[in-house]
Amino acid sequence: MSRTAHGSSAHLVRRIGVTVSYVICLVGSMIGVGVFGGTPISEAAGGLLSTDATHLAPASPAFSVWTLIYIALGAYTLWQWWDRSDPRGIGWWVALSLLLNAAWILSVQADLIWVSVAVIAVLLVVLARTYAKLLSARPRSTVEAVVADGTVGLYLGWVSVATCANIAAALAGAGFTGGGYPEVWAVAVLVVVAAIGVVLAVVGRDRLAGAATLTWGLAWIAVARTDEPYSMGVAVVAGVAAAVVALSTLGLRLRAERAPT
């Protein structure tokens with residue numbers, strides 16, 4: 001087999017792999033919302049992932065962002081059939097993230113909350129690696145910037161928030177109360193998340209997608225803490241963290257636009 005033919009075959013396998021992984025992810029998401037006999041995520045694992053389970057749980061409307069993320073992933077899945085060469089090498093990384101997404105849902109369905117923590121931690125690492133590969137070269141077109149860079153950014157930003165909420169849920173399930181000061185722990189985590197958002201803004205060279213979902217998640221944590229478990233301190237810090245991420249990213253974007261070319 002010639003090198004060209006072998007390369008074409010490898011790219012075909014990659015495109016099929018991404019597509020199959022997306023279908024598996026979609027089936028997993030359907031199970032996660034209660035279709036196919038599944039239990040809604042907020043009710044699974046003893047309700048540890050419900051909006052009132054911990055101080056870091058976002059309000060329920062926050063999770064509607066998954067609709068946007070799944071649509072974006074679908075757009076990437078279709079586009080990668082056209083992008084046959086995958087020059088930045090993200091195809092298999094995206095496929096792995098989709099399979100991990102489904103694995104996370106199934107682990108929660110099985111009430112394996114600590115397994116879900118391990119899975120989402122790996123998912124976060126995979127998405128960070130994918131994002132780094134995207135940063136290695138500029139997108140070749142506006143379409144690529146939206147369906148590749150934008151999609152992974154949205155995914156990474158939200159999973160960054162979800163990972164914190166997932167860990168908090170697992171700790172709560174294990175009886176950890178933060179030494180009687182859960183608000184202090186929540187505030188500390190929110191400060192770290194805000195710092196991560198600023199770092200993403202800097203290394204991401206003013207990309208907006210990751211900041212958008214990070215800000216979204218933090219804002220809904222702020223909203224959630226005006227209800228049970230109530231904590232105005234956590235609500236204020238979450239709101240400030242959301243503003244810091246949003247403003248730092250927008251500031252860097254404006255600075256880049258004004259810079260001489």
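View 1. At 4% relative accessibility, E144 counts as buried (buried is under 20% relative accessible area, exposed over 50%, and partly exposed in between, with a 1.4 Å probe and protein chains only). R140, with a relative accessible area of 48%, is partly exposed. The two side chains form a salt bridge, and their closest N and O atoms are 2.9 Å apart. A salt bridge here is a side-chain nitrogen of Lys or Arg within 4 Å of a carboxyl oxygen of Asp or Glu.

A word on what you're looking at: this is a predicted model, where local features need pLDDT of at least 70, side-chain atom pairs count only at pLDDT 80 or more, and totals for chains, interfaces and linings use all residues. Residues are numbered from 1 along each chain as its sequence is written, and side-chain values use heavy atoms, with hydrogens and water left out.

**View 2. D149 paired with R88.** Here D149 makes a salt bridge with R88, with 2.7 Å between the closest N and O atoms. D149 sits in helix α5 (residues 142-173) and R88 in the loop between α2 and α3 (91-109), so the pair ties together parts that are 61 residues apart in sequence. Helices (H or I, at least four residues) and strands (E, at least two) are DSSP runs, numbered from the N terminus. Are these two side chains buried or exposed? D149 is buried at 6% relative accessible area, and R88 is buried too, at 8%.

**View 3. D149 again, this time with R207.** The D149 and R207 side chains also meet in a salt bridge, at 3.1 Å from N to O. R207 lies in the loop between α6 (182-203) and α7 (209-224) while D149 is in helix α5, so this pair ties together parts 58 residues apart in sequence. R207 is buried, with a relative accessible area of 14%.

**View 4. The salt-bridge network.** Which residues are linked together in a network of salt bridges? They are D83, R88, R140, E144, D149 and R207. The structure holds five salt bridges. As a general point, side chains of opposite charge can pair when their charged atoms come close.

**View 5. Q80 in helix α2.** Q80 lies in helix α2, which covers residues 65-82. Its relative accessible area is 0%, so Q80 is buried. What does Q80 touch, leaving aside its neighbours within four places in sequence? Its contacts are R14, R15, V18 and T19, where contact means heavy atoms within 4.5 Å.

**View 6. Stepping back to the chain.** The chain has eight helices and zero strands, and along the sequence the pattern reads α-α-α-α-α-α-α-α. Its C-alpha atoms fill a box of roughly 65 × 55 × 25 Å along the principal axes. Of the 261 residues, 46% are buried. Among contacts with a separation of 6 or more, 83% come from residues 24 or more positions apart. On the charge side, the chain has 15 positive and 12 negative side chains, and the centres of the two sets lie 19 Å apart. For that count, Lys and Arg are positive and Asp and Glu negative, with His and the chain ends not counted; each charge is placed at NZ of Lys, CZ of Arg, CG of Asp or CD of Glu.
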